[in-house]
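Subject: Model handover and notes

Dear colleague,

Please find the model below. My notes on it follow.

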Number of protein chains: 2
Amino acid sequence: MKLLLLSNSRMPGMAFLAHALEPITEVLTGLDSLLFVPHALADHAGYASTVREAMSAAGVRVESLHEARDPVEAVRAARSLFIGGGNTFRLLTELYGMDLVSLIHQRVRGGVPYIGSSAGTNVACVTIQTTNDMPIVEPPSFNALGLVPFNINPHYLDPNPDSSHQGETREQRIREFHEMNDRPGAGIREGSWLRIDSTRVLLGGLAGARLFRKDQEPTEHRPGEELDLLDLPSLHDSP
Amino acid sequence: MKLLLLSNSRMPGMAFLAHALEPITEVLTGLDSLLFVPHALADHAGYASTVREAMSAAGVRVESLHEARDPVEAVRAARSLFIGGGNTFRLLTELYGMDLVSLIHQRVRGGVPYIGSSAGTNVACVTIQTTNDMPIVEPPSFNALGLVPFNINPHYLDPNPDSSHQGETREQRIREFHEMNDRPGAGIREGSWLRIDSTRVLLGGLAGARLFRKDQEPTEHRPGEELDLLDLPSLHDSP
C-alpha cells in the first residue's frame with residue numbers, strides 16, 4: 001500500500017501542488033500516468049486542467065475521471081489515483097454514485113498508489129467525520145474508502161488566542177468527535193502530509209501535526225516523525 | 001408561529017444568553033416555563049444548569065428534556081421550547097432517536113414559541129446543510145425541523161483579508177451549498193438573531209447578516225431590517 005495524504009493542495013504564493021511535488025514524484029516512481037478524480041469541485045474540466053498543468057512538470061500524464069466513458073473501468077485500469085480537494089460530502093456522494101467506493105479500496109489495498117488532498121485525504125479515512133466541510137449534500141453513508149484505520153483533519157488550525165469568535169476551535173471539534181468515536185484523529189496543518197505504507201505512517205512537510213486520541217491529551221509531532229497509527233482495530237468500526 | 005433564532009448563546013465578556021435576554025423575554029411573554037433541549041452537548045446536566053441560571057434572571061422556570069421520563073410527553077406538554085447550541089449532527093441524531101422531529105414541527109407550527117441558538121438554530125431550518133459543525137455522528141437524515149423555509153448559517157464570519165489559510169471562507173462554503181441546493185441561506189453574525197412569525201423575518205442584534213441566494217450576489221442587511229424569506233416553496237424540498 002502506498003498513500004500520500006496532503007493537508008492541502010496549494011500554499012500561498014506557490015503554484016498548485018508545487019509544495020508537494022517531491023513526495024508526489026516519489027509515490028509515483030516508475031509511473032507516468034495518473035487518474036485524477038475532480039468530483040469534490042463542481043467544475044470538473046477546470047480542475048482537471050489545473051492538475052494537468054501541475055503534473056506536467058513531473059512528466060506525468062493526467063487522465064480525468066470525468067472524461068471516462070465508464071468510471072468503473074477507468075479505476076480498474078488506473079495505475080495510480082489522485083483525488084483532489086473541494087467539498088468532502090459532494091466527493092463521497094459522487095464516489096458512491098459511480099459505485100467506486102469498494103473498488104478504489106480494493107485497488108489501493110492491492111498496491112495502486114493513492115494521492116489525496118484535503119477532501120481527497122478525508123475520504124481515504126474510515127469515515128468523513130473529521131472533515132471541515134459544509135454538508136451541502138447528503139451521502140448514502142459517512143463511511144469512506146477506509147484506506148487507513150484512523151481519521152484525519154486536514155487544514156488543521158491551532159486556536160487563535162486573539163479571536164473573540166464563539167464557534168468551536170478545531171481542537172474542541174475533534175474532542176467532540178471523540179465524545180462519539182474511538183478512532184485516533186490526526187490534525188495535519190497546511191503544508192503537511194502523511195506518507196503511508198503497510199507498515200508505517202511518516203509525517204512530512206513543514207508545519208507538523210497534532211494527534212488526538214480519545215480520553216488523552218493531544219500530542220504534537222514534527223516533520224520526519226513516524227506516527228503510531230497503524231496498530232488499530234479493523235476498519236469500518238463506525239459508531 | 002413564534003421563533004427566535006440566535007446565532008450564538010454567549011458574547012465575549014457577557015454571561016450566557018445575557019446579550020439576548022430582551023428578545024427571549026419578548027418571545028416568552030406570558031409564559032413562566034421553558035423546556036430546554038441540551039442534547040447538542042454531551043454534558044446534559046451541566047448545560048441545563050447553565051441555562052437555568054441564565055433564565056432565572058427573567059423569572060422563567062427551566063425544565064430540561066434529559067430529565068424527562070418520557071421525552072415525547074414532555075414536548076407535548078411544553079409551553080415553550082429552547083434548543084441550545086453544540087454539535088448539530090449530534091443534536092439532530094438525538095432528536096430523531098427520541099422521535100421528536102415531527103412532533104416539535106407540529107407544536108411550533110401550532111404556536112408554541114421556539115428559541116434556538118447555534119445548533120438549535122440550524123435544526124430549525126429545512127436541513128442542517130449550512131451548519132459549521134463537524135459530522136461526528138451520522139443522523140438518519142439531514143432533513144431537520146423545517147420551521148422556516150430557508151437555511152441559516154450561524155456564527156457567520158466575514159473573510160479575513162490577513163489570513164493565509166487555504167480552507168474555504170464561509171462565503172465560499174455557502175456558494176458551494178448553492179451549487180447543490182436552491183434555498184436561500186442567511187449568514188447571521190455572532191450577536192445577531194432572527195425573530196420570525198408567520199408573516200415576517202426581522203433581523204435583530206448588533207452585527208447584521210448576509211443573505212445568499214443561488215446565482216445572485218450576496219446582500220448585506222442591518223439590524224432592524226425585515227428579510228424577504230418567507231415567500232418560498234414548500235418545506236423539505238431537499239436535494
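A salt bridge here is a side-chain nitrogen of Lys or Arg within 4 Å of a carboxyl oxygen of Asp or Glu. By that rule B:R90 forms one with A:E179, with the closest N and O atoms 2.5 Å apart. The count between chain B and chain A is six salt bridges.

This is a predicted model, in which local features need pLDDT of at least 70 and side-chain atom pairs count only at pLDDT 80 or more, while totals for chains, interfaces and linings use all residues. Residues are numbered from 1 along each chain as its sequence is written, chains are lettered from A and ligands numbered from 1 in the order in which they are written, and side-chain values use heavy atoms, with hydrogens and water left out.

The interface

Chain B and chain A each bring 41 residues to the contact (contact: heavy atoms within 4.5 Å). The area buried between them is about 3400 Å², and carbon and sulfur atoms give 58% of it; buried area is the accessible area (1.4 Å probe) that two parts lose on being put together, summed over both. Across the interface, 16 residue pairs are in polar contact, both residues being at pLDDT 80 or more. A polar contact is a pair of N or O atoms within 3.5 Å; within protein, one must be able to donate a hydrogen and the other to accept it, and residues adjacent in sequence count only if both atoms are side-chain atoms.

On the side of chain B that touches chain A, the elements giving two or more residues are α4 (88–97), β6 (151–156) and α7 (170–180) of chain B. The largest share, seven residues, comes from α7(B). Helices (H or I, at least four residues) and strands (E, at least two) are DSSP runs, numbered from the N terminus.

A rotation of 180 degrees with 0.0 Å of shift along its axis superposes chain B on chain A, with RMSD 0.0 Å. The two copies are thus related as by a two-fold rotation axis. Superposition is by least squares on the C-alpha atoms of residues with pLDDT of at least 70 in both. The copies meet through the same surface, because 100% of the interface residues of chain B are also interface residues in chain A.

The sheet

Chain B has an open sheet of eight strands, in the order β3-β2-β4-β5-β1-β8-β9-β12, with mixed pairing (two strands pair if DSSP finds at least two bridges between them). Its edge strands are β3 (61–64) and β12 (226–227) of chain B.

Regards
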